[in-house]
Amino acid sequence: MTDMSRLLRPRSIAVIGGGAWCANVIRECRKMGFDGPIWPVHPKRADVGGLPAFAHLEDLPGVPDATFIGINREATVEAVRLLSARGAGGAICFASGFAEAQAELGDGAALQAELLSAAGAMPVLGPNCYGFVNALDRAPLWPDQHGMVPVERGVAILSQSSNVALNLTMQKRGLPIAFLGTVGNQAQVDLGALGMALLEDERITALGLYIEGIKDIRGFEVLAARARDLGKRVVALKLGASEQANAAGVSHTASLTGSDAGARAFLRRIGVAQVSSLSALLETLKILHVAGPLASNRVVSASCSGGEASLMADTALGFDIEFPALVPAQQAALRAALGPKVALANPLDYHTYIWGDLTATTACFDGLMWGEDLGLGVVVLDFPRADRCSAEDWDVVIEAVAAVQAEAPMAILASIVETLPEVVAERLVARGIVPLCDMAAAQEAISAAAFLGRGCAPLPVLVEAEPSEIEYLDQEEAQDGVLPEAVAKAALSRAGLAVPGFERVSSALEACAAAGRVGFPVVLKGEGFAHKSEAGAVRLNLETGEAVRAAAEAMDAAGYLVEEMVGGAVVELLLGVLRDPAHGFVLTLGAGGVWTEILDDTQVLLLPVTAQDVRDALGRLKIAPLLAGYRGAAGAEMEAIVAAVQAVQAFVAAHADDIEEVEINPLISTATRAVAADALIRLTMRQAEGGINAA
């Protein structure tokens, strides 16, 4: 791994260029209190940012540890080459017009390759990035204003977007940011590598990432594992849907998964928590900084308002948070503290009977924390405006929370951002209390921190099956890479997937005869249609030979598939696997059949998966109650569904080089079996064009 210690914790700084951005770097270094030498470089100006300038890099009195390069893109490459030759510690490349502008300029990618060659072993952030602010060592190589101040310890936030990073520095939530870094194009140093360079610093407590794309999958695996080894955790806001996957268009799976879904599944697998907003990212980092990862998702909540208690309960519905019922010990302690008039529940409305009474409030919070296996205790408290109101009584609540000694950490949560003053949030952090704000973002953060408290299993490996175990594919009839359904079902059946009994025929008369052999009622499908249902090429529940013949003649298809009509469905599922060029094979499980688009109910995992992974994913679906048996109805045979997934996984492993996509939709799940009523296999373009075993 490239040594970035000099770059990230510099004792000397050079600034190349004479524009406002370079002057701003000097200004921010002075403002934060950087005490090392700062050397501006400009061939014509006598000074930059109030400091005397050197005409050339060769004129500097020493070799800089860190250099901000704020000149045009061609000159940037030459500056990097000179710095590398002199043994500099690293550089920030501010200029744009590299790989990110390839479509516009035509030479951006080539120039970025030249930049990398010029850098050699010297670490380079960017190009097309602002740089970083190191608030621990008072070293901001940053060409703009920012909201950070020197701190002794805190979190690190890394971003591909410089402007998003800048905005995060302006937070007023009491989060101590120790290091803020941007990577721009990630030409040499990506988010994972920069994170690895920071994790070893004991002053950094947690890592937050703003991700648009993951460049180095293996590097992220190492980052997540190292963070856990050090007792630290990583939380990410991941953006960016995959146009490539959506463009596939031949199946539901292709529109539901792809690079973005694969990245999200990958991050979950390696133990990186994911959030949906910048607010939730900041709130999660506060929990991690003050309390670390939570031991569980079981939360107790107290407020002096029934409305706040209801808001807590309702807002949590969208997140993996549990408000466990009060146990007898909690009930007894709360009754003693609150008297007979207060209804005891979790979330708790403790009313205003004890407002301002430190002893009673402390007893109330203490009793509430007697719950079992708690991850966090939360007191909802919105502070008044300091310019118009007094917060004296609110201080009583802070003192009561601080006085409660419990195994689980405690937080004070303001319903909205405006009702948690920054000065109060900083006081809470100093006392070991988590200051949360924005009820929805805070509850998402609690859920994320609880996820991070769970164990992370070793990464499994997709083991390719021996060719003798599962036959090679018969791909001679593939059209545009897609195998006929009968061929797909036969191949998947050999891998262990249950399929209906079926026969493939070429005429209406043959279909009539085949139906008698398959057994009525039957399903008739016409071949040669990309989307059979939309083309009217599927007829269900045909009970006579004459009905089969008439249906076949009406379809006028190139061929027909006559198959068993599977009845007794508890639920129809989608089971899809899609090759993701960055992350491997992505598995999608969800509501299938006509409900696929309507419910949008899916879970996405990376192959390989264990049987328990499948059970857990099925349990997270909206249709999980139907699978389990709803209101006395029979449930689906869950182990048959698990077996179906494992059969598809075995098939993909056997043909890992050849498969672009497999989709079963629907997988009809009954009380006794799980049957692939429809199957699609799409080959890679190489296989579609050159044959399944083509070199």
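# Notebook: a walk through the predicted model

I began with Arg226, which at a relative accessible area of 28% is partly exposed. My cut-offs are under 20% relative accessible area for buried, over 50% for exposed and partly exposed in between, with a 1.4 Å probe and protein chains only. This is a predicted model, in which local features need pLDDT of at least 70 and side-chain atom pairs count only at pLDDT 80 or more, while totals for chains, interfaces and linings use all residues. Residues are numbered from 1 along each chain as its sequence is written, and side-chain values use heavy atoms, with hydrogens and water left out.

**Entry 1: salt bridges**

I looked up the partner of Arg226 and found Glu200, with 2.7 Å between the closest N and O atoms of this salt bridge. Arg226 sits in helix 8 (residues 217–229) and Glu200 in the loop between helix 7 (191–199) and strand 12 (204–211), so the pair ties together parts 26 residues apart in sequence. For the term salt bridge I use a side-chain nitrogen of Lys or Arg within 4 Å of a carboxyl oxygen of Asp or Glu. Helices (H or I, at least four residues) and strands (E, at least two) are DSSP runs, numbered from the N terminus. Glu200 is partly exposed too, at 46% relative accessible area.

I then checked Asp201, whose side chain meets that of Arg203 in a salt bridge of 2.8 Å, N to O. Asp201 counts as buried at 12% relative accessibility, whereas Arg203 is partly exposed at 24%. Searching the whole structure gave me 30 salt bridges.

**Entry 2: helix 19**

How many of the 10 residues of helix 19 are buried? I found 7 of them buried, so helix 19 (residues 485–494) is largely enclosed by the rest of the structure. The buried ones are Glu485, Ala486, Val487, Ala488, Lys489, Ala491 and Leu492.

Two charged residues stand in that list, and I looked at them together: the side chains of Lys489 and Glu485 form a salt bridge (2.8 Å, N to O). They are 4 residues apart in helix 19, about one turn of the helix. Salt bridges with shared partners join Glu485, Lys489, Lys525 and Glu563 into one network. After the helix comes Gly496, with a positive phi near 110°.

A reminder to myself: most residues other than glycine have a negative phi, and most peptide bonds are trans. I noted two residues against that background. Arg138 has a positive phi near 55°; I placed it in the loop between strand 8 and strand 9 (139–141), partly exposed at 39% relative accessibility. Asn541 has a positive phi near 60°, but lies in strand 22 (residues 538–542), and is partly exposed with a relative accessible area of 41%.

I also looked up cis peptide bonds. One runs from Gly126 to Pro127, with omega near 0°, and Pro127 belongs to the loop between strand 7 (124–125) and strand 8 (132–134). Another joins Phe520 and Pro521, with omega about -5°; Pro521 lies in the loop between helix 20 (508–518) and strand 21 (522–526).

**Entry 3: inside and outside**

Is Leu7 buried or exposed? Leu7 counts as buried, at 0% relative accessibility, and is found in helix 1 (residues 5–8). Leaving aside neighbours within four places in sequence, I listed its contacts (heavy atoms within 4.5 Å), among them Asp65, Ile92, Pro123, Leu125 and Phe132.

Asn24 in helix 2 (residues 20–32) is buried as well, with a relative accessible area of 14%. Not counting residues up to four places away in sequence, Asn24 touches Trp142, Pro143 and Asp144.

For contrast I turned to Ile598 in helix 22 (residues 595–599), which counts as exposed at 60% relative accessibility.

**Entry 4: the whole protein**

The protein has 26 helices and 29 strands, and 55% of its 695 residues count as buried. Its C-alpha atoms fill a box of roughly 95 × 80 × 40 Å along the principal axes. Among contacts with a separation of 6 or more, 70% are between residues 24 or more positions apart.
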